[in-house]
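Keep the viewer open while reading.

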Amino acid sequence: MEGNEIVTDALLEIFGLDIMELEEDMDLLDNGLLDSLSMVNLIMYLEVRLGRRIDRKDFCMEDLRSVSRMRAFLSSLQ
């Protein structure tokens, strides 16, 4: 499954965010759209969708702060 689709699905299904309404580089944490708990939920969602565990050493929270960073992170995993 492609990273773009996973990011789009995750933001919509978990948080109700339509990716078409977000700027690619908008900081989702600073803008109050995500918080630390939602980041944990996002990682769990990604693990299910990817069918593999994501080790804590493979990412940092900076990797999940924006749509563009999430896409880059998923590309690095595949």
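What follows goes through the model topic by topic.

## Ground rules

This is a predicted model, so to speak of local features pLDDT has to be at least 70, side-chain atom pairs count only at pLDDT 80 or more, and totals for chains, interfaces and linings use all residues. Residues are numbered from 1 along each chain as its sequence is written, and side-chain values use heavy atoms, with hydrogens and water left out.

## Salt bridges

Side chains of opposite charge can pair when their charged atoms come close. Here the label "salt bridge" calls for a side-chain nitrogen of Lys or Arg within 4 Å of a carboxyl oxygen of Asp or Glu. Searching the whole structure turns up seven salt bridges. One of them links Glu47 to Arg53, with 3.3 Å between the closest N and O atoms. For burial, the scale is relative accessible area: under 20% is buried, over 50% is exposed, and anything in between is partly exposed (1.4 Å probe, protein chains only). On that scale Glu47 is buried at 18%, whereas Arg53 is exposed at 65%.

Glu62 has two partners to look at. It bridges to Arg65 at 3.7 Å, N to O, and to Arg69 at 2.9 Å, N to O. Arg65 is buried, with a relative accessibility of 14%; Glu62 comes out partly exposed at 40%, and Arg69 is also partly exposed, at 38%. Salt bridges with shared partners tie Asp27, Asp30, Glu62, Arg65 and Arg69 into one network.

## Around Ser66

Ser66 sits in the loop between H2 and helix H3, which covers residues 67–77.

The Ser66 side chain makes a polar contact with the side chain of Ser68 at 3.2 Å. A polar atom of the Ser66 side chain also lies 3.2 Å from the backbone nitrogen of Arg69. For the record, a polar contact is a pair of N or O atoms within 3.5 Å; within protein, one must be able to donate a hydrogen and the other to accept it, and residues adjacent in sequence count only if both atoms are side-chain atoms.

## Nonpolar patch and rings

Which residues form a nonpolar patch on the surface? Leu37, Val40 and Met44 do, with about 290 Å² of accessible area together. Areas come from the Shrake-Rupley method with a 1.4 Å probe, and for residues only the protein chains shown count as cover. Patch members need over 30% relative accessible area and no salt bridge; like charges are joined within 9 Å, and nonpolar side chains (Val, Leu, Ile, Met, Phe, Trp, Tyr) within 5 Å. Met44 belongs to helix H2, residues 36–50, and is partly exposed at 46%.

Over at Phe59, Arg56 lies over the face of the ring, 5.0 Å from its centre. That label requires NZ of Lys or CZ of Arg within 6 Å of the ring centre and within 35 degrees of the ring normal.

Gly16 is in the loop between helix H1 (3–15) and H2, and is exposed at 54%. Gly16 and Gly51 are 35 residues apart along the chain, and their C-alpha atoms are separated by 23 Å. Met26 is also in the loop between H1 and H2, but counts as buried at 18%. From Met26 to Met44 it's 18 residues in sequence and 22 Å in space, C-alpha to C-alpha.

Helix H1 holds Val7, which is buried at 2%.

How values were computed
Helices (H or I, at least four residues) and strands (E, at least two) are DSSP runs, numbered from the N terminus.
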